[in-house]
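Student: Pick one part of this model and take a close look at it with me. How is it packed, and what surrounds it?

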Amino acid sequence: MHAQSRFPNKLLPYILLSPSIVVIAVFFVIPTAKSIYQSFFRVSPFGDRRIFVGFDNFVRLFNSPAYVQSLLRTLIFATAVVLIGLSFCMIVAVLLNQRIKGMSVFRTFFIWTYAISPAIAGTIWVLMFNPATGPVVYLVKLLSGKSINWMNDGKLALAIVIVAAVWKMLGYNVIFYLAGLQAIPTELLEAASIDGANGIKRFFRVTFPLLSPTTFFLLIMNMLYAFFEVFGLIDIMTKGGPGNATEVLVYKLYKDGFISIDIGFASAQSVVLFVFVTVLTILQFRYTQQKVFYG
């Protein structure tokens with residue numbers, strides 16, 4: 001029989017939980033409820049007048065070619081960030097897991113990217129790809145003789161933002177993959193080696209299945225990151241340009257809500273984005289989790 005912990009005061013658990021409850025209520029529940037409420041109204045720029053319009057904001061939303069394009073662009077962006085990010089980070093984590101002298105220093109270099117703010121990360125990439133003084137642009141011109149200007153090329157700008165977003169999450173993903181790799185029993189790998197499995201077979205038959213819980217967790221977190229947390233990166237790097245080529249849903253919401261001051265329309269966008277990501281997450285839990293192996 002295990003002894004159960006008991007609080008001497010029945011109110012103490014609620015007191016300890018109250019700060020978290022207040023934070024969730026103030027920064028999540030109340031704003032969500034207000035967005036849902038405002039999505040049914042047309043609100044004046046100063047917020048002093050509201051006209052009930054029902055579902056007109058949502059109808060207007062899905063009849064907008066700009067919003068549909070932004071939705072498709074977001075799906076491409078999120079898919080690329082998740083697939084490229086997880087694949088690359090898993091490879092990096094496997095390399096960093098090797099027992100080599102001085103490896104702890106290299107691990108620190110790879111992990112620090114997650115510690116910097118999105119604004120600083122965006123500034124670093126802007127400076128690297130500056131068409132006039134950027135070192136990457138200079139190297140490309142030196143090696144190929146061609147000058148690149150991502151500020152005038154929408155596809156190139158989107159590709160660079162994807163790479164920057166993957167780089168920003170590098171440290172976060174590598175930490176979890178390293179923890180997962182170091183939790184794998186060495187006996188299983190040794191047994192596979194004795195059975196004649198080479199390094200590639202050991203990875204796909206032993207290591208990769210045992211990393212599936214970590215991969216599933218990172219799949220959810222990276223998807224949420226790609227949909228919600230890239231605003232600062234895009235705002236510093238491209239501001240949604242050139243020609244709206246990098247205007248994902250969260251940035252379009254910002255532009256319509258805080259620049260165009262179309263509160264009702266922006267609120268409808270926030271509701272659709274929230275529902276869309278919630279449905280995607282539920283589908284991932286329902287279908288992807290079936291392939292997760294908990295050893």
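Tutor: Start with a term. A crossing is left-handed if the near helix is turned anticlockwise from the far one by less than a right angle, and right-handed if clockwise. Keep in mind that this is a predicted model.

The part to look at is helix H11, residues 212-228. H8, residues 170-182, passes H11 in a right-handed crossing. Their axes come within 10 Å and cross at roughly 165°. Angles over 145 degrees count as roughly antiparallel, so H8 and H11 are roughly antiparallel to each other. On the H8 side, the contact is made by Tyr172, Asn173, Phe176, Tyr177 and Gly180. On the H11 side, Thr214, Thr215, Phe217, Leu218, Met221 and Asn222 take part. An α-helix has 3.6 residues a turn, so residues three or four places apart point the same way.

Now H11 itself. H11 has 17 residues. From its first C-alpha to its last, H11 reaches 24 Å, close to the 24 Å expected at 1.5 Å a residue. Is H11 mostly enclosed or open? Of its 17 residues, 12 are buried, so H11 is largely enclosed by the rest of the structure.

Ala226 is touched by Phe77. Phe77 also touches Leu158, Val161, Ile162, Ala165, Val230 and Val248, leaving out residues up to four places away in sequence. Phe77 is also one of the residues with the most contacts inside the largest nonpolar core, along with Val81, Tyr177, Val230 and Met237. That core has 60 residues. Helix H3, residues 65-96, gives the most to this core, with 12 residues. In soluble globular proteins, nonpolar side chains tend to be buried together.

Tyr177 is part of the H8 contact with H11. Tyr177 also has a place in the core list. And Tyr177 is in contact with Ala93, a residue of H3. Beyond its neighbours within four places in sequence, Ala93 contacts Val174, Leu178 and Leu181 as well. Ala93 has 0% relative accessibility, so Ala93 counts as buried. Ala93 and Gly171 are 78 residues apart along the chain, yet 9.8 Å separates their C-alpha atoms.

The protein chain has 14 helices and 2 strands. Its C-alpha trace spans about 75 × 75 × 35 Å along the principal axes. Buried residues make up 38% of the 295 residues. Take the contacts between residues at least 6 apart in sequence: 67% of them join residues at least 24 apart.

For contrast, take another helix pair. H1, residues 12-38, and H14, residues 263-288, have axes that come within 8 Å and cross at roughly 120°. H1 and H14 are therefore oblique to each other. Their crossing is left-handed. The contact is made by Phe28, Ser35, Ile36 and Gln38 of H1, with Ile263, Gly264, Ser267, Ser270, Val271 and Phe274 of H14.

Last, the backbone. Most residues other than glycine have a negative phi, and most peptide bonds are trans. Which places depart from this? A cis peptide bond joins Gly241 and Pro242, with omega about -10°. Pro242 lies in the loop between helix H12 (231-237) and helix H13 (249-259). Asn244 is found in that loop between H12 and H13 too. Phi of Asn244 is near 65°, a positive value. Asn244 has a relative accessible area of 36%, so Asn244 is partly exposed.

Ile261 also has a positive phi, about 55°. Ile261 is in the loop between H13 and H14. With a relative accessible area of 29%, Ile261 is partly exposed. The C-alpha atom of Ile261 is separated by 5.4 Å from that of Pro45, 216 residues away along the chain. Pro45 sits in the loop between strand E1 (41-43) and strand E2 (50-52). At 56% relative accessibility, Pro45 counts as exposed.

Methods:
Residues numbered from 1 in each chain as written. Predicted model: local features only at pLDDT ≥ 70, side-chain atom pairs only at ≥ 80, totals over all residues. Heavy atoms only, no water. Core = buried A, V, L, I, M, F, W, Y, C linked by side-chain atoms within 4.5 Å. Buried < 20%, exposed > 50% of the residue type's maximum accessible area, 1.4 Å probe, protein only. Helix = DSSP H or I, 4+ residues; strand = E, 2+ residues; numbered from the N terminus. Contact = heavy atoms within 4.5 Å. Expected span 1.5 Å × (residues − 1). Axes fitted to C-alpha atoms, helices over the stretch in contact; angles between N-to-C directions. Parallel < 35°, antiparallel > 145°, perpendicular 65-115°, else oblique.
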